[in-house]
Amino acid sequence: MKSISSEITFPVLFDPMGKVAGEYQSYGVPETFFIDRDGVINVEKEYVYRVDDFEFTSEVFSTLRALQDARFALVIVTNQSAIGRGFCTEGDFRQLNQWMLARMAAEGVRIRGVYHCPHAPHAGC
């Protein structure tokens, strides 16, 4: 395991040729680190869809910058069942994303994409 901050530890993966994950830039395809949003990027709260309710977790910016420095592309994946349950809309989600990504960019963090599932649990996905 390799520690990149005082809070987060992730495994360093090796392929059969002995390269550490993140050393594939010469192939034109960076290693990608997939990050859950709620509870990882922001403090876990019930149905966060407004800027006023969004609170970044401690050390998230320094941790994500360390991953970038290790040559990982950063992608956010998140379940947003609040949309499927009718607590908020896709527009609310997009607005919060725009704000979150702007804050991250201001902190030197580049997110390559945000992907979400908007369905309620009964949708079965």
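## Ground rules

Helices (H or I, at least four residues) and strands (E, at least two) are DSSP runs, numbered from the N terminus. This is a predicted model, where local features need pLDDT of at least 70 and side-chain atom pairs count only at pLDDT 80 or more, while totals for chains, interfaces and linings use all residues. Residues are numbered from 1 along each chain as its sequence is written, and side-chain values use heavy atoms, with hydrogens and water left out.

## The sheet

Let's start with an open sheet of three strands, in the order β3-β4-β5, with parallel pairing. (Two strands pair if DSSP finds at least two bridges between them.) At the edges sit β3 (32–36) and β5 (111–117), each pairing on one side only. From one strand to the next, the twist averages 25°.

Strand β4 (residues 73–79) runs parallel to β5 and is joined to it by six bridges. Across from Tyr115 in β5 stands Val77.

Packed on the sheet is helix α3 (residues 90–106), which touches β4 and β5 (contact means heavy atoms within 4.5 Å) and whose direction makes about 155° with that of β5. Axes here are lines fitted to C-alpha atoms, for helices over the stretch in contact, and angles run from 0 to 180 degrees between N-to-C directions.

## Two loop residues

Which residue has a phi near 55°? That's Tyr47, a residue other than glycine with a positive value. Tyr47 lies in the loop between β3 and α1 (60–69).

Arg71, in the loop between α1 and β4, also isn't glycine, and its phi is positive, near 75°. Arg71 counts as partly exposed because its relative accessibility is 48%, and that label falls between buried (under 20% relative accessible area) and exposed (over 50%), using a 1.4 Å probe and protein chains only.
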